[in-house]
Each structure stands twice: as structure tokens, then as C-alpha cells.
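Hi,

Here is the structure I said I would pass on. Have a look through it, and then read my notes below.

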Amino acid sequence: LGTLALGRGVDPYGALASLGAARGFVAGSEVRSYGVPVGFRSGSPEGVVVRRAVHDGDVTAVTLHVAATWPHLSDEVARALDHGTCHVAVLAGPGSEVPGPTPVDEVRVVGIGCHSVTRAGWVGPLVVVPARRRQGTGLALLGRICRDLMIAELPEAHVPAVDDPGVDAFLLSAGAGPRVTRHRMHKDLGS
């Protein structure tokens with residue numbers, strides 16, 4: 001039958017952990033995250049426009065770019081596109097500043113930022129092409145995500161921690177601080 005898991009993890013000291021343990025769930029790996037204040041904003045770097053990916057040209061360009069560049073993220077990005085929680089960073093060009101339909105062949109994707117794909121308030125995927133890293137594109141995407149979450153009345157954006165000093169520095173520059181340690185809990189449902 002498989003294994004049943006409780007979301008992205010539970011507070012090890014909370015009521016859900018106690019209830020899960022009473023129902024046969026066991027604690028597994030630890031999940032750490034950062035909290036970014038939803039008031040964080042950052043402008044787009046020169047030559048880059050960040051916008052919500054809702055029009056056909058953007059949706060198609062994001063889908064094709066992710067499949068070619070980050071195929072392991074395709075499912076999560078597809079869900080974010082379906083939910084309207086995906087932002088895209090594109091190279092500025094004719095019509096790129098104007099919200100509205102843009103032909104797919106005119107969209108040059110340099111980054112993608114999504115949120116609330118599997119849990120409200122969680123950031124990811126958030127990726128920028130290597131040639132555009134450390135220039136402000138990721139911060140601009142994160143700023144748009146924080147704006148969405150502020151409108152949804154969430155206090156902060158949760159970003160899963162990864163073992164990468166560059167990612168840590170990126171998050172700290174956005175005012176993030178270590179916030180949550182959660183434990184994944186799972187239950188074997190038998191064979």
C-alpha cells in the first residue's frame with residue numbers, strides 16, 4: 001500500500017505531532033526553513049522585467065524553459081502556473097513592460113519564482129539562469145512572492161533551507177532568519 005506522510009513536516013512540539021504519534025506516525029527527517037518578512041521588496045535589475053505568468057505566451061515560455069533547463073521542477077511549476085502563483089523574470093524587450101499577451105517567441109525567461117505549490121506560504125521553486133545570478137533577479141522574484149503572501153495576510157514567506165552558502169547569503173540579504181524546524185512524519189500503510 002505504501003507510506004502516508006504528513007505534508008512538509010510538523011512542529012515536533014505541536015499538537016499535530018502528538019496526534020500523529022498516537023496514530024502510529026513516526027518522526028523522520030528534519031526540515032529546516034527560513035522566514036522572509038512579507039514586507040520584503042526588491043526592484044528588478046536593469047534589463048529584466050518580473051511579472052506574473054498568466055498569459056499564454058508567458059505560460060508556454062515558462063513551461064518550455066523549465067522542461068529544457070530544470071526538468072525536475074516541471075511538475076511543481078505546472079501546478080504553480082495552474083494556481084496563478086508563478087512569476088517569471090524575462091529580458092526586457094518590446095512590449096515586455098506591458099501586462100498582457102506576449103508571443104512566446106518574444107519571451108526570454110531568465111528566472112522563475114513560485115509559491116504555495118504544496119503548502120500556502122512556502123516559496124519554491126525559485127530559480128535563476130546561471131548567467132543572471134547575483135544581479136538581483138532572484139531578489140526581484142522573491143519580492144513579488146512576498147507581495148502575494150502579504151495580500152494573502154500571511155506573516156512571512158517560508159523558504160526551505162538547503163546546504164548552500166550562496167542560497168543562505170541570498171536569503172539573509174532579503175532579511176530572512178531561521179524560523180522553523182519541522183519533522184517529517186510518516187506511517188507505513190503495509191504491503
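This is a predicted model: local features need pLDDT of at least 70, side-chain atom pairs count only at pLDDT 80 or more; totals for chains, interfaces and linings use all residues.

Let's start with Gly84, which sits in the loop between α3 (74-83) and β4 (86-91). Helices here are DSSP runs of H or I with at least four residues, strands are runs of E with at least two, and both are numbered from the N terminus. Gly84 is buried, at a relative accessible area of 19%; buried means under 20%, exposed means over 50%, and partly exposed is in between (1.4 Å probe, protein chains only).

Residues are numbered from 1 along each chain as its sequence is written, and side-chain values use heavy atoms, leaving out hydrogens and water.

Now the salt bridges (a side-chain nitrogen of Lys or Arg within 4 Å of a carboxyl oxygen of Asp or Glu). Searching the whole structure turns up two of them.

One joins Arg52 to Asp148, at 2.7 Å from N to O. This pair ties together distant parts of the chain, 96 residues apart: Arg52 is in strand β3 (residues 48-52) and Asp148 in helix α4 (residues 137-151). Arg52 is partly exposed at 29% relative accessible area, whereas Asp148 is buried at 10%.

Asp58 and Arg51 form a salt bridge too, with their closest N and O atoms 2.8 Å apart. Both of these residues, Asp58 and Arg51, are buried.

Cheers
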